[in-house]
Amino acid sequence: MSIADMDLLAFGESLARGNSEIEWRTSVGRSYYAAYHRASDWHSKLPSQGMAQAGQGVHATLIACLTNPTVNGALKMRSMSVGYMLCHMKAARRKADYELGAHVDQAEAATTAASAQTMMDKAV
């Protein structure tokens, strides 16, 4: 059995409606990964790949490529928008996954899920 990026997002959205911080933290992560997979797939289909410095992790590399595109016009603007949105969601995911002393609330989970949906609509 396999799943799609929209399955991850649907799960993230359902967790955002939960009643506990663990659900909200997990929601942020699933929503981010839905967006990451969509952005990665979209980027791989561009006529030319963006530019990134060597030695970064795969997530940072993708964000750098999206925010430093080698395409022009509307596609360039879309790539930059997708990249900046993904970067913002990555920061929320890092907080949810690694900053256990920081509070993550339901609004943050819902906002991340909504941002993921918006970004995924751009990356088609």
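This is a predicted model: local features need pLDDT of at least 70, side-chain atom pairs count only at pLDDT 80 or more; totals for chains, interfaces and linings use all residues.
Residues are numbered from 1 along each chain as its sequence is written, and side-chain values use heavy atoms, with hydrogens and water left out.

View 1. Helices are DSSP runs of H or I with at least four residues, numbered from the N terminus. Setting aside residues up to four places away in sequence, Leu8 touches Ile3, Arg30, Tyr33, Ala34 and His37, where contact means heavy atoms within 4.5 Å. Lys76 lies 68 residues from Leu8 in sequence, and their C-alpha atoms are 27 Å apart.

**View 2. Packing of helix α1 (residues 5-16) with helix α5 (residues 106-122).** The two axes come within 9 Å and cross at roughly 155°; axes are lines fitted to C-alpha atoms over the stretch in contact, with angles from 0 to 180 degrees between N-to-C directions. The pair is therefore roughly antiparallel (over 145 degrees). On the α1 side the contact is made by Asp5, Met6, Leu9, Glu13 and Ala16, and on the α5 side by Gln106, Ala109, Ala110, Ala113, Ala116, Gln117 and Met120.

**View 3. The largest nonpolar core, with 21 residues.** Such a core is a set of buried Ala, Val, Leu, Ile, Met, Phe, Trp, Tyr and Cys residues joined through side-chain atoms within 4.5 Å. Ala39, Leu66, Val82, Leu86, Met89 and Met119 have the most contacts inside it. At least two residues come from each of α1, α2 (21-44), α3 (58-67), α4 (73-98) and α5, and α2 gives the most, with 6 residues. Beyond its neighbours within four places in sequence, Ala39 is in contact with Leu62, Leu66, Val82, Leu86 and Met119. Apart from this core lies another, of 7 residues, among them Trp24, Ala92, Ala96 and Val104.

**View 4. Tyr98 in helix α4.** Tyr98 counts as exposed because its relative accessibility is 60%. Gln117 is 19 residues from Tyr98 along the chain, and 23 Å separates their C-alpha atoms.

Key
Angles under 35 degrees count as roughly parallel, over 145 as roughly antiparallel, 65 to 115 as roughly perpendicular and the rest as oblique. Buried means under 20% relative accessible area, exposed over 50%, partly exposed in between (1.4 Å probe, protein chains only).
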